[in-house]
Amino acid sequence: MYIKDYSRRLGAIFFCFLLLLSLLIGRLFYIQFFKYAYLKNLADKQHNLFVELEPRRGTIFDRRLRPQAINIAVDSLYAVPKDIKNKEEIIAKLAALLKLDYAYLKNRIYRDKSFIWIARKISNEQVSQIKALDCKGLGFIKESKRCYPNGYLASQLMGFVGMDNVGLEGVELLYDSDLKGQSGWAVFLRDARQKKIDLSQGLVLPKDGYSLVLTIDEVIQYIAERELDNIYKTYHAKQGTIIVIDPHTGEILALANKPSFDLNDAAKADPEARRDHAVCDLFEPGSVFKIVTAAAALEEGKVTEEEKFFCENGSYRMASHVLHDHRPHGWLTFREVIQQSSNIGTSKVAQKLGPSILYKYIKLFGFGSTLGVDLPGEIPGMAKPPRFWSSTSIGAVPMGQEVGVTALQLAAAISVVANGGLLMKPYIAREIQDKYGETIKDFSPELINKVISLDTAQRLKEILVGVTETGTGKLAAIEGVRVAGKTGTAQKLEANGAYSHNKFVASFIGFAPADDPLIAVCVILDSPHPYYFGGVVCAPAFKKVATDVLKYLEVMPLEKPHFKENLVADAAR
Amino acid sequence: MRASRFLLIIFIVTAIALLYVHQQSRIFDLAYSSGKKQAVMKELLDTNNILRYNLNVISSLSYLDKKLFSKDADFEMPNGEQLVRLTSAQEQIGLTQELKKRNNLLAILFGTEKQAQAQTLNR
């Protein structure tokens, strides 16, 4: 009996253990086969730290490799709300240090989250002041910030990036895909205190963005900005633009707009100041457009330089409108018509040409269509086909009314005369380089079309030299250098469609030296006062820009880009 | 005999296990120390970058314009003949080396230090 009892007890214990073992095996089986993914995920989260490796955004250089946009590492402030003990005190101190709204900070710090941004990309002074608070629950993370050493220089052209280093305007936007690079990632081990250990479980290195070399020259850009700022302030203008271009290649050497903004504080800039007026705004060009009429008339053989036109002593009825010259003229040669900028003489030249031929040359000069410049927001301007012209259009269009152009189109048009008749595509990116300075992509000059013959260009050039020697653009003349150019003063349209008598767009387009042009310059000033004539307001600015740029180029000549092989053949065709 | 072999195996296994643990702890030690050094290096590189940026800002034309031209100083772009070209340090080094080479060449040709000597060939 005793033995039997003993055996039953043993059996019971064995059974209990067997049951426990079965339960354990069952549990293990369950964990291994049913909870595996969940538990592995949990363990990975505890042990591993996934880090996205930010690529370095490419640098933007000017044509002589002077940096225009670079990245520097700055601190961003974050908070772990539950770790902050004396929240009210910290909020008050942070609000004062970071110049942030108290309510905004309170709203963020009282959130039920384990991580919140307080302020991103803050200054070094602010960082040291916050570190001095010695507050648990506040921390810093290094982030890359886009910085522009030249501040205001070429602001609309350069554009800017957002908080996450994505291009939002200008070349920063257009070449964003090249500049931004590709993110990498790494999985690091973490210790028991959740601290990162430099032992990567997996690693894909980030691919840094390419650098962008622009065609602009920092010094030429500065000269253009300085002179534009000068006339913009002197004549209380609404806005203004100066473009300096290499007439042979179409490389934009400087593009300045006013008003402008500080690239390092783009968020606070007025949207109007961020607008690239040179390519985004159209205006009626006025008399500078006479170069198109003159080029067409010479190319088509309709006039000679010495052919005379009666300028009606300053008043000429054409259909329902009466044309006026700014000064009455009698008989003028064609050369003098352009040099004295006679509206009546020019309209008579245009009548000899006819609307369709004039329109053909307007299009050949690149007006009414985009030039394809690598800047965002370029507009085509406006050039109506002759079937939409009114009875007065043949008098208005040749002197730059009823057409809408951009400043860049005018710069490209005057380059046609300077380079012997070729319309070159203006461009801003010279090459794309990797971080070792090796060229990834090279941008070559591109021919859009051949507009006029070399002979016509030469003849027109001589007429335009006369503009600065004896005509309306005498203030653009440079001592010792032959300068060719054309002045323009266009009345602005009022809201009711009538031409204003007190709002004008003053302009001057020209190139120097006339015999072997190095630069073409376009100066536009919107609504200058009290003086508003292009020859008075813009011509002196042209002179100053051209004088300084030519002196600079004497010492630092431009390195010519590689031409595409077919460019000369294209030109010959 | 069996016990001694058993003890030996235990000893070897324990030694290997200890070595493994030691190796792992060293790996983590080095990882911590490498992390610290990398942080220092990154900090230095960042500082270097910031200093370079500051130099760029200070030498930028817009900054110089603010500092110099705002006081209506009568500055103007110099003419070519008003400029004196200075050779950079690198160019200077290149020039010195070039001169040394020339001197060596002259010394070889006309000097007395090194003279051409006929040598016998022992074959």
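Modeller: The structure is a predicted model.

Biologist: How many helices and strands does chain A have, and what share of its residues count as buried?

Modeller: The secondary structure of chain A comes to 20 helices and 23 strands. A residue is buried if 20 or more other C-beta atoms lie within 10 Å of its own. Of the 573 residues of chain A, the share that counts as buried is 45%.

Biologist: How far apart are the C-alpha centres of domain 1 and domain 2 of chain A?

Modeller: The domain assignment gives domain 1 as 51–80 + 87–95 + 115–214 and domain 2 as 218–260 + 277–560. The C-alpha centres of these two domains of chain A are separated by 43 Å.

Biologist: Which elements of chain A each supply at least two residues of the side of domain 1 that touches domain 2?

Modeller: The contact takes 22 residues from domain 1 of chain A and 19 residues from domain 2 of chain A. On the domain 1 side, the residues divide into 12 nonpolar, five polar and five charged. The elements that each supply at least two residues there are helix H6 (155–158), helix H7 (170–174) and strand E8 (211–214) of chain A.

Biologist: Which residues does Ile414(A) touch, not counting residues up to four places away in sequence?

Modeller: In soluble globular proteins, nonpolar side chains tend to be buried together. Leaving out residues up to four places away in sequence, Ile414(A) touches Ile291(A), Ile509(A), Gly510(A), Phe511(A), Ala520(A) and Cys522(A).

Biologist: Is Trp117(A) buried or exposed?

Modeller: Trp117(A) sits in strand E4 (residues 116–122) of chain A. Not counting residues up to four places away in sequence, Trp117(A) touches Ser76(A) and Tyr78(A). Because Trp117(A) has 12 other C-beta atoms within 10 Å, it counts as exposed.

Biologist: How many of the 12 residues of H2(A) are buried?

Modeller: At 1.5 Å a residue, helix H2 (residues 36–47) of chain A should span 16 Å, and its end C-alpha atoms are 16 Å apart, which agrees. H2(A) is hardly covered, and its count of buried residues is zero.

Biologist: Which element gives the most to the side of chain A that touches chain B?

Modeller: Here 23 residues of chain A are in contact with 21 residues of chain B. By class, the chain A side has 14 nonpolar, two polar and seven charged residues. Strand E3 (67–79) and helix H9 (218–234) of chain A are among the elements that give two or more residues. The element that gives the most, with five residues, is H19(A).

Conventions. Residues are numbered from 1 along each chain as its sequence is written. Chains are lettered from A and ligands numbered from 1 in the order in which they are written. This is a predicted model: local features need pLDDT of at least 70, side-chain atom pairs count only at pLDDT 80 or more; totals for chains, interfaces and linings use all residues. Two residues are in contact if their C-beta atoms, placed from the backbone, lie within 7 Å. Helices (H or I, at least four residues) and strands (E, at least two) are DSSP runs, numbered from the N terminus. Ala, Val, Leu, Ile, Met, Phe, Trp, Tyr, Cys and Pro count as nonpolar, Asp, Glu, Lys and Arg as charged, and the others, Gly among them, as polar. Domain bounds come from an automatic or database domain assignment. The expected span of a helix is 1.5 Å times one less than its number of residues.
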